[in-house]
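Subject: Structure handover

Hello,

I am passing this structure on to you. Please look it over first; my notes on what was found follow below.

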Amino acid sequence: MDFETVIGLEIHVELATKTKIFCNCKNEFGAPPNTHVCPVCMGSPGVLPVLNEEALRLGIRAALALHCEVRQSSKFDRKNYFYPDNPKAYQISQYDEPIGEHGYVEIVVGEENRRIGITRVHLEEDAGKLNHSAYGDSSYVDFNRAGVPLIEIVSEPDIRSAEEARLFLEELKAIMQYCLISDCKMEEGSLRCDANISLRPFGQEKFGTKTEIKNMNSFRNVQRGLEYERSRQEKILRGGDAVEQQTLRWDETTAATILMRSKEDAHDYRYFPDPDLPRILLTGAYIEDRLKEIPELPTDKRNRFEKEYGIPGYDAGVLTASRALSEYFDETAKHVKDPKVASNIIMGDVLGYLKTAEKEIDELPMTPAHLVELVGLMENGTISSKIAKNVLKDMMESGKAPKVIIEEQGLVQISDEGQLKAIAERVIAANPKSVEDYRSGKEKAIGALVGQVMKETKGKANPQMVNQIIIDLINQA
Amino acid sequence: MVELGIGIRQLHDALQRRELTATDLAEDSIARIREWDKDVQAFLKVTEDDARQRAKVLSGQAPQGLLEGIPFALKDNMTTRGVETTCGSKILSGYIPPYSAAVTEKLEAQGGNLVGKLNMDEFAMGSSTENSGYFPTRNPWDLTVVPGGSSGGSAAAVAAGMVAFALGSDTGGSIRQPASYCGVVGLKPTYGRVSRYGLVSYASSLDQIGPITNTVEDAAIVLQAIAGHDQRDSTSVRLEVPDFVSALSGDIRGLKIGLPKEYLDLGMDESMRAVFDTAVNQLRALGASIHEVTLPHTAYALSAYYLIAPAEASSNLARYDGVRYGFRAKDADNLLDMYNKTRSQGFGTEVKRRILIGTYALSSGYYDAYYKRAQQVRTLIRRDFEEAFEEVDLIISPTAPTTAFKLGEKTSDPLTMYLSDIYTIPVNLAGLPAISVPCGFISGLPAGLQMIGKMFDEATVLRAAHAYEKATDWTSRRPQIAKGGRA
Ligand SMILES: [Zn+2]
């Protein structure tokens with residue numbers, strides 16, 4: 001019997017607001033412990049939450065970007081549980097009236113377009129962070145993160161493989177980044193993912209027993225964790241046993257899932273409407289305005305790049321991975337004769353350079369306008385493509401205009417016929433063997449002669465012209 | 001000695017005429033506390049050094065506002081920056097808040113002189129102030145009876161003339177019932193009229209801060225000082241605050257007053273009935289018309305209240321876990337043990353009882369039957385009042401079914417204790433404004449008349465109470481203590 005994998009994801013995304021969701025403390029990663037705190041986010045007696053409108057706006061924008069219906073009337077609820085990182089001993093969240101519902105995300109798996117349903121998107125506050133003493137005798141709480149606005153995104157169990165889960169996450173991240181909702185850095189915890197996974201025989205409608213996996217802190221680990229859990233469950237089922245409903249933790253070092261708690265330990269969070277916060281009532285116009293804040297999304301952009309610039313789907317996929325990269329390419333491609341040339345340079349040289357330099361595209365000193373200029377100089381023959389590569393490297397490091405670099409280093413291509421003819425004559429005289437080979441029909445021999453000219457001009461000679469001149473000289477002789 | 005109970009305006013006039021200074025008032029307040037609080041035990045903390053300091057600064061100038069230089073005290077569930085705030089609970093012993101409540105800020109900005117923090121039932125849960133984690137407060141009229149609660153310290157301190165006014169908080173009657181027991185005026189404003197920022201939450205959807213004063217005019221003056229929208233409290237309303245003092249015309253001719261027939265069956269004793277009937281007649285004599293109204297869901301109010309309030313409390317009080325502030329139990333083996341020991345040792349019996357009830361009411365599988373049902377009852381009770389207020393301008397009742405009871409009389413029977421709030425609880429469930437104004441004595445103990453108004457119509461409530469007060473002389477009666485003699 002073959003088993004079908006069924007995966008649903010629960011994703012927490014920290015919203016890129018200036019301040020926290022219910023107080024005026026800064027929302028900023030990496031500050032010294034307990035420096036972005038106040039009585040409100042520390043849960044001091046007598047404090048009250050006040051909703052940060054920016055968080056609401058980003059939450060709605062996120063729901064809309066995920067094609068959700070946005071509720072015009074929703075509310076906040078309290079999720080009650082004790083833990084030292086939870087200062088009020090309840091988390092303000094949304095229980096039965098989430099801000100957004102019934103959305104979807106489209107992904108491409110291989111050649112297939114897949115639509116993954118979004119069950120709900122809701123707003124809530126983040127908890128603080130526990131730091132355990134190296135000596136194991138005490139724990140410390142950092143409340144900087146307590147009260148940072150989050151959205152929780154819950155997908156339908158529409159995902160059918162670990163790879164699909166990763167693709168879905170990548171798409172989701174791109175959407176959040178495109179909409180300036182979050183920076184989605186998994187390593188900083190601004191995007192976190194838990195997964196539910198179960199198996200069922202192909203053709204069966206009823207879901208199998210699921211397990212929940214937590215602590216998969218990178219895209220790679222999401223895929224690995226799910227692959228591991230899939231085969232663990234498969235082994236159990238093949239052995240004729242039943243999968244137990246459990247919450248598991250992915251352990252990166254041992255590359256295995258570890259039991260956190262079983263079903264019997266399930267919490268009763270005693271949700272109830274937060275009496276300190278009035279209902280969220282939205283006008284149609286307010287929601288409409290959020291819709292206007294959504295830029296062209298990755299899928300649409302990908303399709304447009306393919307159509308408008310005639311680049312392959314693969315290129316379009318790579319170039320739309322982030323909003324900044326897509327805008328860089330867009331700015332370049334629309335001003336060059338052949339967008340594929342721009343695509344090649346950005347996908348090859350530029351991304352390669354960024355990777356080695358460990359930089360993001362928005363940290364690149366080279367502007368799209370300069371890149372357009374460089375492509376123009378190649379196309380009109382001012383520099384050879386070989387020299388262009390070196391100029392490009394310099395541009396990416398220094399941010400200088402290509403013309404400046406070419407001038408400084410005297411790299412202009414030699415296209416003066418007289419000058420090239422003189423050199424070619426010298427080369428022909430010095431290489432009678434190659435001339436002979438060419439004459440006897442070995443067309444390739446011409447390459448050696450051209451190579452000699454290029455060498456003598458330190459690569460600056462216009463190769464097409466050199467080629468023609470040599471052929472003409474030999475034929476004339 | 002100065003009579004701090006003569007009225008805020010009278011004290012203010014004396015300050016302006018330079019017959020008195022802010023220091024005189026502060027010294028008088030401190031001296032009375034020194035002399036009588038051994039017996040009354042209204043204060044959890046007396047901030048005399050700060051009060052003297054402030055009085056000194058204020059004495060150098062003629063007072064601007066009405067509250068300038070006037071000594072007052074706060075129920076200990078309102079935060080005071082730098083001054084211990086315990087809510088009458090051991091779990092917050094030693095807790096120094098890093099910020100002041102909105103009402104503290106407002107009163108201090110208007111020159112009020114804080115002399116201390118007042119005793120209360122722990123976390124405002126109780127009707128006698130016997131549930132204080134520290135000591136019970138006694139009634140200045142008779143030291144063997146309770147002052148009511150949970151704002152018992154506030155009512156007792158005002159009745160004993162230790163301060164010119166105090167603030168209390170009212171979740172189910174906690175301002176009005178002690179005001180009634182202590183023969184002073186207590187006003188619960190409309191929910192949302194006064195900012196709750198810095199009021200330590202008991203039941204967030206019911207809690208409201210209000211004045212406890214010697215006279216109705218004082219209540220109007222203090223309400224004026226503390227009312228208004230506060231962006232730090234999302235449940236405070238953006239409504240203009242009317243001039244409450246100028247509403248005190250003394251004239252209630254033509255005012256339509258409702259008597260809810262259901263209230264008269266609620267275990268009111270005969271002597272209370274007699275006092276109440278006299279009050280009704282006096283109001284009629286003042287030109288008001290009296291009408292019977294019906295509030296058909298009254299019988300369910302107490303049950304609804306004792307689900308909603310504990311449910312919210314179970315969540316509000318969960319933060320007292322020993323992690324960040326206040327009391328933490330020693331010798332815990334692990335985290336869970338620390339939570340268990342801290343909360344078991346830090347909270348008193350009544351608080352634990354309500355946390356348990358509330359936790360149960362919110363539990364999965366019970367939520368619909370209890371909390372949700374209680375909220376539906378609440379809606380019905382609110383509607384009862386809305387319908388009644390289509391016919392009348394004001395609804396009246398006794399504030400409590402009896403006068404103050406003996407200390408220890410009801411501590412072993414929480415249900416009987418809960419019944420002392422049957423007239424006040426529906427008002428909180430509906431969010432309405434209501435006042436308790438003294439209306440006579442039964443066996444030497446004061447009785448209170450409750451006047452309930454429409455949403456945000458404190459002006460009518462105050463006007464009627466003021467007219468009634470002028471026509472009777474109950475508010476001018478003071479216990480022996482306030483006059484300087486032994487009770
Ligand atoms: Zn804060």
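Start with Gln450(B). Leaving aside neighbours within four places in sequence, Gln450(B) is in contact with Arg176(B), Ile395(B), Ile396(B), Ser397(B), Pro398(B), Thr399(B), Tyr423(B), Thr424(B), Val427(B), Ala434(B) and Ile435(B). With one of these, Arg176(B), the side chain of Gln450(B) makes a polar contact of 2.7 Å. Gln450(B) belongs to strand 11 of chain B, which covers residues 445-452. Its relative accessible area is 0%, so Gln450(B) counts as buried. Please keep in mind throughout that this is a predicted model.

A second residue in chain B is Ile226(B), found in helix 7 (residues 216-226). Is Ile226(B) buried or exposed? Ile226(B) counts as buried because its relative accessibility is 2%, and the cut-off for buried is under 20%. Not counting residues up to four places away in sequence, Ile226(B) touches Val103(B), Lys106(B), Leu107(B), Leu167(B), Val194(B), Ile209(B), Gly210(B) and Pro211(B). For Val194(B), the separation from Ile226(B) is 32 residues in sequence and 6.3 Å in space, C-alpha to C-alpha.

Next, the interface between the two chains. Chain A contributes 30 residues to the contact and chain B contributes 39 residues. The size of an interface is often given as the accessible area lost when the parts come together. Between chain A and chain B about 2600 Å² is buried, with 59% of that on carbon and sulfur atoms.

How many salt bridges are there between chain A and chain B? The count is one. Asp276(A) forms a salt bridge with Arg196(B), and the closest N and O atoms are 3.0 Å apart. Polar contacts between chain A and chain B come to 18 residue pairs, both residues being at pLDDT 80 or more. On chain A, strand 4 (77-80) and strand 15 (272-273) each supply at least two residues of the side that touches chain B. Sorted by class, that side of chain A has 21 nonpolar, four polar and five charged residues.

Last, the domains of chain A. The domain assignment gives domain 1 (3-288), domain 2 (296-409) and domain 3 (417-476). Taken over C-alpha atoms, the centres of domain 2 and domain 3 of chain A are 33 Å apart.

Regards

Definitions and conventions:
Residues numbered from 1 in each chain as written. Chains lettered and ligands numbered in written order. Predicted model: local features only at pLDDT ≥ 70, side-chain atom pairs only at ≥ 80, totals over all residues. Heavy atoms only, no water. Domains from an automatic or database assignment. Helix = DSSP H or I, 4+ residues; strand = E, 2+ residues; numbered from the N terminus. Buried < 20%, exposed > 50% of the residue type's maximum accessible area, 1.4 Å probe, protein only. Contact = heavy atoms within 4.5 Å. Buried area = accessible area lost by both parts, 1.4 Å probe. Salt bridge = Lys/Arg side-chain N within 4 Å of Asp/Glu carboxyl O. Polar contact = N/O pair within 3.5 Å; in protein donor to acceptor, adjacent residues only side chain to side chain. Nonpolar A, V, L, I, M, F, W, Y, C, P; charged D, E, K, R; others polar.
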